[in-house]
Amino acid sequence: MTIREFMDRNYRHFNSAVCVDAARAWNEHLDKGGKMFLTLAGAMSTAELGISVAELIRNDKVHGICCTGANLEEDVFNLVAHTHYERIPQYRALSAADEVALRDRGMNRVTDTCIPEDQAIRRIEDHVLELWKKADQAGESFFPYEFMYQLLGSGVLEGSYEIDPKDSWLLAAREKGLPIFVPGWEDSTLANIFTSHVISGDISRYGVVKTGVELMGFLVHWYKEITANSSLGFFQVGGGIAGDFPICVVPLIAQDLQEECRLWGYFAQISDSTTSYGSYSGAVPNEKITWGKLDSSTPSFIIESDATIVAPLIFNYVLGN
């Protein structure tokens, strides 16, 4: 029995039924000539969502990505240091002393997974620094994802790969030439390292890495180009800036630029957030209608669940596995 057959057979009600509805609507959207935009919140790369996301990219099921700075860099960390990662199944039982011991060993914990600082972060730091310096000296500026594409394209890491390259969503995105929008990149390990090098004088200007408002401008041009002849859907994994930033491009074009603009043609979100405390990450699709992002007829789905469990199932359903 395939994953799709299993879900069709067993996922008939409540959240499970919405998973199937969202996956079927994704395929229907693509079958009509539409394209799909994927957003990745939090630390989905460390959750190894790249295994299925890379397949989506290679099979032309995703055409653009917005993610956190953590997801951008952590896909590379996992690529070069996977065997040095440590999983802690009983992480909720860790004492403060246990956490200190992990820190002293250079193990940076993300829920149940520890990222090894020396083997992951420090392994790529010098290579990325050289790319920043090169751009600085040439008077050039690039987006964070462009530096990562340069890093992967240089070949300097190939001898250090510790997973099958086909499980890296960043490698797949680079091969397809997908744009990766990374709002709030400052909130990432590499951004902290970049800042330290500007302060220390190794890099002369912060503008070596393009800013968030430049990123929004890039998104406006890209959205207008890709929707000139097709509808663009929006599949959101989690909440936060990875989803909030790109969905605003539609009202920006329509209301601020006052230009004709297609609304998002499909919307689905996997989230465990609620609106009880004013959380936009848990806002239901209808609220987005009032902001000029979706239409009342837009196929829209909210799946209230754990993305690390649900997303791979939906992705494999879309792939026909």
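A salt bridge is taken here as a side-chain nitrogen of Lys or Arg within 4 Å of a carboxyl oxygen of Asp or Glu. The structure is a predicted model, in which local features need pLDDT of at least 70 and side-chain atom pairs count only at pLDDT 80 or more, whereas totals for chains, interfaces and linings use all residues. Residues are numbered from 1 along each chain as its sequence is written, and side-chain values use heavy atoms, with hydrogens and water left out.

Under this criterion the structure holds 13 salt bridges. One of them joins the side chains of Glu259 and Lys224, with an N to O distance of 2.8 Å. Because Glu259 lies in the loop between helix H12 (249–256) and E8 while Lys224 lies in helix H10, this pair ties together parts that are 35 residues apart in sequence; helices (H or I, at least four residues) and strands (E, at least two) are DSSP runs, numbered from the N terminus. Glu259 is partly exposed, with a relative accessible area of 33%, and Lys224 is likewise partly exposed at 33%, where buried means under 20% relative accessible area, exposed over 50%, and partly exposed in between (1.4 Å probe, protein chains only).

A salt bridge is also formed by Glu86 and Arg105, whose closest N and O atoms are 2.4 Å apart. Since Glu86 belongs to strand E3 and Arg105 to the loop between helix H5 (96–104) and strand E4 (107–110), the contact ties together parts that are 19 residues apart in sequence. Glu86 has a relative accessible area of 29% and is partly exposed, as is Arg105 at 47%. In the salt bridge between Glu99 and Arg109, the closest N and O atoms are 2.7 Å apart, and the pair links Glu99 in helix H5 with Arg109 in strand E4, 10 residues apart. Both partners count as partly exposed, Glu99 at 27% relative accessibility and Arg109 at 32%.

Strand E7 (residues 232–237) is mostly covered, with 6 of its 6 residues buried. In a regular strand the side chains alternate between the two faces of the sheet. In E7 both faces are covered, with Leu232, Phe234 and Gln236 buried on one side and Gly233, Phe235 and Val237 buried on the other. Strand pairing (at least two DSSP bridges between two strands) places E7 parallel to strand E1 (residues 35–40), through 6 bridges, and parallel to E8, through 5 bridges. Leu38 has Phe235 of E7 as its bridge partner, while Phe234 has Phe267 of E8.

The largest pocket contains about 590 Å³ of space. Of its 28 lining residues, Ala43, Met44, Ala47, Thr111 and Thr308 are the closest to its centre, and strand E3 (86–87), strand E8 (266–271) and helix H14 (307–319) are the elements that give two or more residues to the lining. The second largest pocket has a volume of about 260 Å³, with Trp185, Glu186, Val209, Lys210 and Thr211 nearest its centre among 17 lining residues.

Note on methods
1 Å grid on protein atoms, 1.4 Å probe; cavity = no way out; pocket = protein on both sides within 12 Å on 5 of 7 lines; lining within 4 Å. Points joined across faces, edges and corners; volume = space filled by probe spheres on them.
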